[in-house]
Amino acid sequence: MAGDDGLSRCNWAGSEPIYRTYHDTEWGVPEYDSRALWEKLILDGFQAGLSWITILKKRDNFRVAFRGFNPREIATWGTDEVDRLVQDAGIIRHRGKINATISNARAWCAIEDQIGFDTYMWRTVDFAPLQPKYTSQDKVPPSTELSVRISRQMKKDGFKFCGPTIVYAWMEACGLVNDHLTTCHRHDDVAQMARTNGWKGR
């Protein structure tokens, strides 16, 4: 259905400007940067039990509080930093999620040093975004067999707050799967953004 600006969008984009802008410029665009992939994973973890727009409105605060989401710095954090963050009203003050961010930073460092976190994730889709071509929002799944397998492997590798639903939402956000509806004005543009030069990671 077309919005008041004449553009058809995925149903969830709604009418709030911040949500529309995110949908129109960022969601589903293939992300190949290791650190940026990790940042989005952390934010999706913080979303658990909340709406995404809540996180989106606090994203700048998160970036300040977590020092630009530098996983190598965050991996060195301990109790003092956790205590600081649970007092920060600009973010989601969930001690478990904050602790998970630190352990996820350490897991990221290990993967990054071995093969690169970008390769670690993109190899799960054979280095090419999935293109399911859903025609209606009710056909888009909350998770898939693939996200279940990825979640299971990530947990083995030390990541937390990475259940199948979080992983699938993350895959959608980072463009590992193009879940813009075929009726959405962004679908074809996003599909054309996939790297076609035989990229196989590092």
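At what angle do H2 and helix H9 (residues 164–173) pack, and how far apart are their axes? The angle is about 135 degrees, and the axes lie 9 Å apart. Before going further, note that this is a predicted model, where local features need pLDDT of at least 70, side-chain atom pairs count only at pLDDT 80 or more, and totals for chains, interfaces and linings use all residues. Residues are numbered from 1 along each chain as its sequence is written, and side-chain values use heavy atoms, with hydrogens and water left out.

**The whole chain**

The protein chain has 10 helices and zero strands (DSSP runs numbered from the N terminus: H or I of at least four residues for helices, E of at least two for strands).

**H2 and its two partners**

Axes here are lines fitted to C-alpha atoms, for helices over the stretch in contact, with angles from 0 to 180 degrees between N-to-C directions.

| Pair | Axis distance | Angle |
|---|---|---|
| H2 (residues 34–47) and H6 (residues 95–114) | within 11 Å | roughly 155 degrees |
| H2 and H9 (residues 164–173) | 9 Å | about 135 degrees |

H2 is thus roughly antiparallel to H6, while H2 and H9 are oblique to each other. The cut-offs are under 35 degrees for roughly parallel, over 145 for roughly antiparallel, 65 to 115 for roughly perpendicular, and oblique for the rest.

On the H6 side, the contact (heavy atoms within 4.5 Å) includes Trp38, Ile42 and Phe46 of H2, and Ile98, Ala105 and Trp108 of H6. Its residues divide into six nonpolar, five polar and three charged. Nonpolar covers Ala, Val, Leu, Ile, Met, Phe, Trp, Tyr, Cys and Pro, charged covers Asp, Glu, Lys and Arg, and the others, Gly among them, are polar.

Over at H9, Leu37, Lys40, Leu41, Asp44 and Gly45 in H2 meet Ile166, Ala169, Trp170 and Ala173. That contact has six nonpolar, one polar and two charged residues.

**A loop proline**

Pro141 sits in the loop between helix H7 (117–122) and helix H8 (145–156). Leaving aside residues up to four places away in sequence, Pro141 touches Tyr134 and Tyr168.
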